[in-house]
Amino acid sequence: MKTILITGGAGFIGSHVVRLFVNKYPEYKIVNLDKLTYAGNLNNLKDVENKPNYEFVKGDIVDEKFIQKLFEERKFDGVIHLAAESHVDRSISNPTEFVFTNVIGTVNLLNAAKFVWKDNFDGKRFYHISTDEVYGSLGNEGMFTEETAYDPHSPYSASKASSDHFVRAYLDTFGVPTLISNCSNNYGSFQFPEKLIPLFIHNIKNNKPLPVYGKGENVRDWLWVVDHARAIDTIFHDGKVGETYNIGGFNEWTNIALIKTMCQKMDAKLGRKKGESEKLITYVKDRAGHDLRYAIDATKIKKELGWEPSLQFEEGIEKTIDWYLENEEWLNNVTSGDYQKYYEEQYKER
Ligand code: NAD
Ligand code: DAU
């Protein structure tokens, strides 16, 4: 039985990856390592927590000794590394935390893998999950390919870019068999409501202002999280060591068009008059260093590994809104306590 370590498995994307692997691969033992920060939530994994091939370990990837010991004890066959501080706005108010988790945490994992695999890398894989934000910002034309030069602008993307460089350096210098993928914006169930889509669903439902940064003209390329998890499965199993794969939805939206679409759909679902939720739109101070446009060219993964998105956005956003409306308890749990403090702080000067 192979033992696979998934870091950050209690978070948004990680929980979808854990669910997919636990259900699809009963022959693997899946170890989910997560610190359970504000973004980690074991309620995201209720449906798999009692499966015999699943185990949760609470721990911090920044804790070098703990990571070293865990690798020595468990001798993982593969690592899928998702644990990270992931919110751009938080990286603007507290950059250092992003260096600890995203850079030092990643290096600790690489060191532990290098140490326990002891230069015998047969059948081993260290797969690092990264973001399209490392490529910087596009103008109105063009797309990010795997060859696009790194040009990060936020402390978050700078920390992810740095971790990507370390991952490649460990392959080149020590032979650790690494792979990287860079994905565009994900949406779907279990996303913490600090991110645009779940935050705005929550605010529309509660008749709270919708804080649109700047003019709402920034463009993001949205992908259903389950399709990202499928891509991760494909790359982990069929991707070539040393390669980078871009993952995206070929699905670009300006923020304002997306927000208006969500308002219209929620008017219908909540039995409100047409146009009522749009009145909540409030233009606020722009995010510092706000990247204008992201767009992923996902041709390579389609051509080489046969992956493409399975769900059209129209259907995906419907499903997503329905999920948040039906899972009121999940949303209420994560938006109580510390969340209130975060929200006041983050939006007070906007
Ligand atoms: P998330 O914030 O929802 O989850 C992150 C998880 O990591 C949480 O469960 C948290 O508890 C855990 N974690 C944080 N610090 C830790 C530490 N020091 N030790 C152990 N665990 C720790 O993030 P997400 O949106 O699911 O993103 C997952 C990964 O995918 C990240 O690496 C992110 O950069 C990348 N990514 C995200 C998106 C997106 O749209 N959300 C897109 C592309 C790439
Ligand atoms: O592109 C991949 C990245 O997508 C991931 O690497 C990050 O982890 C993930 O957080 C996401 O980053 P973004 O900054 O693009 O996502 P966010 O949901 O924070 O914002 C999406 C867009 O909406 C962005 O242009 C900022 C804008 N926005 C966001 C919030 C929270 C608003 O206008 N108002 C808001 O209140």
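Predicted model: local features only at pLDDT ≥ 70, side-chain atom pairs only at ≥ 80, totals over all residues.

Modeller: Strand 10, residues 244-247, is covered on both faces. Thr244 and Asn246 lie on one side and Tyr245 and Ile247 on the other, and all four are buried (buried means under 20% relative accessible area, exposed over 50%, and partly exposed in between, with a 1.4 Å probe and only protein chains considered). Strands, like helices, are DSSP runs numbered from the N terminus: at least two residues of type E for a strand, at least four of type H or I for a helix. Residues are numbered from 1 along each chain as its sequence is written, chains are lettered from A and ligands numbered from 1 in the order in which they are written, and side-chain values use heavy atoms, with hydrogens and water left out.

Strand 10 has a parallel partner, strand 6 (residues 178-183), to which 4 bridges join it; two strands pair if DSSP finds at least two bridges between them. Tyrosine 245 in strand 10 is the bridge partner of serine 181.

Ligand 1 is surrounded by 28 residues, the closest being Ile13, Asp34, Ser86, Tyr156 and Lys160 (a residue is near a molecule or strand if one of its heavy atoms lies within 4 Å of it). By class, this shell holds 12 nonpolar, 12 polar and 4 charged residues; Ala, Val, Leu, Ile, Met, Phe, Trp, Tyr, Cys and Pro count as nonpolar, Asp, Glu, Lys and Arg as charged, and the others, Gly among them, as polar. Strand 5 contributes the most to the shell, with 3 residues. Oxygen atoms of ligand 1 lie 2.8 Å from a polar backbone atom of isoleucine 13, 3.5 Å from a backbone N or O atom of leucine 36, and 2.6 Å from an N or O atom in the side chain of tyrosine 156. Alone, ligand 1 exposes 840 Å², of which the protein buries 96% (areas come from the Shrake-Rupley method with a 1.4 Å probe; for residues, only the protein chains shown count as cover). Helix 1 (12-24), strand 5 (125-131), helix 5 (155-174) and strand 7 (185-187) are the elements that give two or more residues to this shell.

Most residues other than glycine have a negative phi. With a relative accessible area of 27%, leucine 36 is partly exposed. Phenylalanine 190, in the loop between strand 7 and helix 6 (196-205), also has a positive phi, near 70°. Its relative accessible area is 13%, so phenylalanine 190 counts as buried.

Ligand 2 has 25 residues around it, and the closest are Thr131, Asp132, Tyr156, Arg287 and Tyr347. The shell divides into 11 nonpolar, 8 polar and 6 charged residues. Helix 6 and strand 8 (210-213) are the elements that give two or more residues to the shell.

Tyr347 is also part of a cluster in which ring pairs link Tyr38, Phe192, Tyr213, Tyr339, Tyr342, Tyr343 and Tyr347. Rings of Phe, Tyr and Trp (its six-membered ring) pair if their centres lie within 6.5 Å; planes under 30 degrees apart count as stacked, over 60 as edge-to-face and the rest as tilted. The structure holds 22 aromatic pairs. One of them, between phenylalanine 21 and tyrosine 25, is tilted, at 5.3 Å centre to centre with 50° between the planes; both residues are buried. Phenylalanine 144 and tyrosine 294 have ring centres 6.3 Å apart and planes at 45°, so this pair is tilted. Because phenylalanine 144 lies in the loop between strand 5 and helix 5, and tyrosine 294 in the loop between strand 12 and helix 9 (299-305), the pair ties together parts 150 residues apart in sequence. Both phenylalanine 144 and tyrosine 294 are buried.

Note on methods
Polar contact = N/O pair within 3.5 Å; in protein donor to acceptor, adjacent residues only side chain to side chain.
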